[in-house]
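Please keep the sequence and the model in view while reading.

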Amino acid sequence: MDYLDRHLLLLLQKDGRRASADLAKEIGLSVSATNERVRKLIDSGAVAAIEAVLDPVKSGFGVTAFIFVDLDYSFDENEFVSSVASFDEVQEMHHVTGQHSYLLKVRTRTNDDLNHFIVKSLKTQPGVRATETQIALNTAKETRVLPL
C-alpha cells in the first residue's frame, strides 16, 4: 500500500459517496486508474464496507452504554461471542485485558430498553457471571476514521 492508496482510504473514510472524478482529481490520477485502486482496496479487505453512518440520537437511539461482562473461566467463549454478536443492540464487542472478559458498546432507544436488554438478553447468556454498565451522558467525539 503506497501513499496514493492511503490518501484514497482517507478520502473514502470521510465521504464514501465521493465521485470517482473528484477522487481522481484529488490524488492526481485518471478516473480509471483511481477506480482500479479503489477496487483493489475493496478486494484486499482494506475497505471493509462503504456504508451510511447514522446519527444515533436523530435515529432514535439516544442511550449509549458500555457494558463490562465477566465470564465463568470454564465457559467456552466462542459460544458467548457468537450469541452476543447477533444482538442488534451490540455495536461493538471487545475482548479486553484486566478484571473483565469483554467490553460491549450498546445502543438502545431508552433506559428501559437498555435494562430489558441487560436482564433478558445479556445476563441470560450461558457463562455470564456478572456485568457492569456505564451509561454515556453525552459523546464528545466518536469516529471510525483511522489516522492514515
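## Aromatic pairs

Tyr102 is buried, with a relative accessible area of 6%, where buried means under 20% relative accessible area, exposed means over 50% and partly exposed lies in between, computed with a 1.4 Å probe on protein chains only. The model is predicted, so local features need pLDDT of at least 70 and side-chain atom pairs count only at pLDDT 80 or more, whereas totals for chains, interfaces and linings use all residues. Residues are numbered from 1 along each chain as its sequence is written, and side-chain values use heavy atoms, with hydrogens and water left out.

Rings of Phe, Tyr and Trp (for Trp, the six-membered ring) are taken to pair if their centres lie within 6.5 Å, and a pair is called stacked when the planes are under 30 degrees apart, edge-to-face when they are over 60, and tilted for the rest. By this rule there are two aromatic pairs. In one of them, the ring centres of Phe80 and Tyr102 are 5.2 Å apart and the planes stand at 50°, so this pair is tilted. Phe80 belongs to helix H4 (residues 77-85) and Tyr102 to strand E3 (residues 102-108), so the pair ties together parts that are 22 residues apart in sequence; helices (H or I, at least four residues) and strands (E, at least two) are DSSP runs numbered from the N terminus. Phe80, at 1% relative accessibility, also counts as buried.

Phe87 and Phe117 form an edge-to-face aromatic pair, with 5.7 Å from centre to centre and 85° between the planes. This pair also links distant parts of the chain, since Phe87 is in the loop between H4 and strand E2 (90-95) while Phe117 is in helix H5 (residues 111-122), 30 residues apart. Both Phe87 and Phe117 are buried.

## Arginines over rings

A charge is said to sit over a ring if NZ of Lys or CZ of Arg is within 6 Å of the ring centre and within 35 degrees of the ring normal. Arg109 lies over the face of Phe61 in this sense, at 4.3 Å from the ring centre, and Arg129 lies over the face of Tyr73, at 5.1 Å from the ring centre.

## Helix H1

Helix H1 (residues 3-14) has 12 residues and, at 1.5 Å a residue, should span 16 Å; its end C-alpha atoms are 17 Å apart, which agrees. The expected span is 1.5 Å times one less than the number of residues. At the start of H1, a side-chain oxygen of Asp2 comes to within 3.2 Å of the backbone nitrogen of Leu4.

The buried residues of H1 are Leu4, Asp5, His7, Leu8, Leu9, Leu11 and Leu12, and they pack against helix H2 (20-27) and helix H3 (31-44), with contact meaning heavy atoms within 4.5 Å. Asp5 counts as buried at 14% relative accessibility and, leaving aside its neighbours within four places in sequence, is in contact with Arg37 and Leu41. Leu4, with residues up to four places away not counted, touches Ile27, Leu29 and Arg37. Leu10, also in helix H1, is partly exposed, with a relative accessible area of 25%. Leu10 touches Val145, Leu146 and Leu148, again not counting residues up to four places away in sequence, and the C-alpha atoms of Leu10 and Leu148 are 6.3 Å apart although 138 residues separate them in sequence.

## Nonpolar cores

A nonpolar core is a set of buried Ala, Val, Leu, Ile, Met, Phe, Trp, Tyr and Cys residues joined through side-chain atoms within 4.5 Å. The largest has 18 residues, and those with the most contacts inside it are Ile67, Val69, Phe80, Leu104, Phe117 and Leu122. Strand E1 (63-71), H4, E3 and H5 each supply at least two residues of this core, and E1 gives the most, with five residues.

Leaving aside its neighbours within four places in sequence, Val69 is in contact with several residues, including Phe80, Tyr102, Leu104 and Leu122. Apart from this core lies another, of 10 residues, among them Leu9, Leu11, Leu41 and Val47.

## A buried lysine

Lys105 lies in strand E3 and is buried, with a relative accessible area of 9%. With residues up to four places away in sequence not counted, Lys105 touches Thr64, Ala65, Phe66, Glu89, Val90, Gln91, Glu92 and Glu142.

How values were computed:
A polar contact is a pair of N or O atoms within 3.5 Å; within protein, one must be able to donate a hydrogen and the other to accept it, and residues adjacent in sequence count only if both atoms are side-chain atoms.
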